[in-house]
Amino acid sequence: MDMNAIDIEVKKDLDELYRELGAAYYEMSRECPPEELRAIFEEIDRLTEPQERRCPYCGTVADEDAMFCINCGKMLGIEGANRETSNKCPNCGNTLSEGASFCGMCGSKIE
């Protein structure tokens, strides 16, 4: 094994150890984080909060098991995810190609 390959493996190992250390430190300090790290702790908290399921058309909050929006009546899609985070057509649930403007199955415009 050449020296560059070893360096890459060591870097991967170190990155994983730092990630584990950071996660452990966050868990141990989350109730009272140091002032200089408070913004990072708050951002982690924000990103890990459960997200409400919303209609991709009108933004109305939807129940997790709902198939259709209670406000606009449109189909929520198979996974119920917002279009920005889903590769499914919100109308029929078809898997979309990357960057698709229209669904190949039902013809719905993807915005």
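## Surface and burial

The accessible surface of the chain, computed on a predicted model, amounts to about 8600 Å², and carbon and sulfur atoms contribute 54% of that area. Of the 111 residues in the chain, 20% are buried.

## Secondary structure and contacts

Two helices and zero strands make up the secondary structure of the chain.

## Salt bridge within helix α1

Across the whole structure, a search finds eight salt bridges, one of which joins E16 to R19, with 2.9 Å between the closest N and O atoms. Both residues belong to helix α1, which covers residues 3–29, and because they are three residues apart there, about one helical turn separates them. E16 has a relative accessible area of 34% and is therefore partly exposed, given that this class lies between the limits of 20% and 50%.

## Other salt bridges and the network

A salt bridge also pairs E27 with R30, where the closest N and O atoms are 3.3 Å apart. E27 is partly exposed at a relative accessible area of 47%, and R30, with 37% relative accessibility, is likewise counted as partly exposed. These two residues, E27 and R30, are linked with D45 in a network of salt bridges.

R54 and E52 form a further salt bridge, for which the closest N and O atoms are 2.9 Å apart; R54 itself counts as partly exposed, at 34% relative accessibility. In general, side chains that carry opposite charge can pair when their charged atoms come close.

Notes. Residues numbered from 1 in each chain as written. Predicted model: local features only at pLDDT ≥ 70, side-chain atom pairs only at ≥ 80, totals over all residues. Heavy atoms only, no water. Helix = DSSP H or I, 4+ residues; strand = E, 2+ residues; numbered from the N terminus. Buried < 20%, exposed > 50% of the residue type's maximum accessible area, 1.4 Å probe, protein only. Areas by Shrake-Rupley, 256 points an atom, 1.4 Å probe, with all protein chains shown as cover. Salt bridge = Lys/Arg side-chain N within 4 Å of Asp/Glu carboxyl O.
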